[in-house]
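Open your viewer and get ready to select residues.

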Amino acid sequence: MTSFRPAPGWLADAVFYQIYPQSFADSNGDGIGDFNGITERLDHLAWLGVNTVWLNPCFKSPFRDAGYDVSDDLAVAPRHGSADDLAGLVDEAGRRGIRVLLDLVAGHTSDEHPWFTAAADDPADDRYIWAPEGLPEGFVPSPGTRPGAYLPNFFAFQPALNFGYAQGNPAEPWRGPVDAEGPRANRAALRGIMDHWLGLGLSGFRVDMAASLVKDDPGRRETAAVWGGLRRWLDDAHPDAVLLSEWGEPEVSVPAGFHADFFLQFGGDTDGLALRSLWSNGTGTVNEAWAPLDCFFDPSGLGSPEPFVEAWRRAHGALGASGFISLPTANHDFSRLNCGPRTAEQLPVAFTFQLTWPTLPAIYYGDEIGMRYVPDLPDKEGSVLGPRYNRAGSRTPMQWDDGPNAGFSSAPADRLYLPLDPSPARPTVAAQRADESSLLHLVRRLIALRSVAPELGPDGSVEVLHGGYPFVHVRGGRYLVVLNPARKSRSCRIDGVGGARPLEAAGVRLDGSSLTADGFAYGVFDLDG
Ligand code: NOJ
Ligand code: CA
């Protein structure tokens, strides 16, 4: 196995915070979030204690897939401000000890990207994948003077960049090798894009559809080789930068060259199930292909932590010290934690799990106050992928306060990028900042606890003492974590917990070797007293 430079030291302590730029904070009153809006709200992030922000794509784009259709990878989208505004954001974040990651859309561009418009008129161009004639299945007719059709990577307007095919097929003459001119040019272009942004002070990238590069690639061996080459370049040129993959199979992506991968709503059979088996209660963003399940964080108590713990064990064992797994609360493609019948009282136990399990936590903006997934929104910039697969519900404006438009924007409400959660009881940052018993304060204290107790981080050991409900584990031989996501009280017997000192707890009673957890109870205890 190829060895890479060890991940930069800061990554083990990362607490990620994902910002969907359209919806975080609007500084100029046009209803769309922007860089200066984020800069103005950095104090919230610093107060919360997160230290690594990931911005969804903020590049020039026709925004038919919310910016995942990039038309110039080196230019920022005017809707978000100027390059100087982004530089100012990175600078101000750095002053507060916060790093900023961008989204790298590696596998495709917009059909308005100049590389693609050139390719559509030039039969010799091989930056994209073109069938010279006809319309093979899955291809899209050429929009230019060039005959034939091109292969899309996601939506039809997102042509796949050509990184080659892992295997040929004489019946499909468009299959080129991975070392052809086009794939080499595309790999060089990725290096150029990364170099540009890292040179401006960015700290790395979340890589979109990282597994998609080389086509017909069993086991993703050739795709892994591409990332391995890019990682070796990065190790030399930018040793302090990181690459996080949208791949959803850490045991494949990290050996390929990523510093970390996410458990995602999709992914290999086991890993994809891992995240949904924790959070997904069958409402919100649902792909019809997903088999219904009882998730662990469901008040019925019918779920199990097993699918997640097993997937984590397997991936963690495969990775060793070579990289990390990140556990998100949600993301821009998947339901928020507070979704469907789940209520605010069920969120603290979920966050206690997320912030104490040996993974890198990723908090999706607004989840720290329990913002709700807003159902049934109309399609916005490609948000609807299927009858129940609507991503807009997780992309609504951040709820800063109870002023007009929740403090997100001074624009008229009907000009906001997406409507606000219409619920009159919607949570706000301002109200929760003023209330020490709020979810926001709990999340802040749990993050602070991680920073003083390295045993709670991704490298500390974990020993499960009781599976199911309550779920009880010990981190680093010292910190006892008790979780009961069920509505009903649950108890178990565990020797020697009676004297443990509560660091953060609600509804958990330890008495000799008896442990009782009320419905939705959570606790982190110090076994050393
Ligand atoms: C994954 C991104 O997270 C999603 O939002 C996007 O639509 C697709 N990749 C296509 O880029
Ligand atoms: Ca704006």
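Which residues surround ligand 1? Select Asp65, Tyr68, His108, Phe154, Arg206, Asp208, Met209, Glu246, His332, Asp333, Arg391 and Arg395. Each has a heavy atom within 4 Å of the ligand.

A note before going on. This is a predicted model, where local features need pLDDT of at least 70, side-chain atom pairs count only at pLDDT 80 or more, and totals for chains, interfaces and linings use all residues. Residues are numbered from 1 along each chain as written, chains are lettered from A and ligands numbered from 1 in the order written, and side-chain values use heavy atoms, without hydrogens and water.

Now show polar contacts (pairs of N or O atoms within 3.5 Å). Oxygen atoms of ligand 1 lie 2.5 Å from a side-chain N or O atom of Asp333, 2.7 Å from one of His332 and 3.1 Å from one of His108. Alone, ligand 1 exposes 290 Å², and the protein buries 97% of that (Shrake-Rupley method, 1.4 Å probe).

Next, select helix α5 (residues 181-199) and helix α6 (residues 221-237). Helices here are DSSP runs (H or I) of at least four residues; strands are E runs of at least two. The two helices pack at about 35°, axes 11 Å apart. Axes are lines fitted to C-alpha atoms over the stretch in contact, and angles run from 0 to 180 degrees between N-to-C directions.

Last, the backbone. Tyr469 and Pro470 are joined by a cis peptide bond, omega about -5°. Pro470 sits in the loop between β16 (462-466) and β17 (471-475).

Key: Polar contact = N/O pair within 3.5 Å; in protein donor to acceptor, adjacent residues only side chain to side chain.
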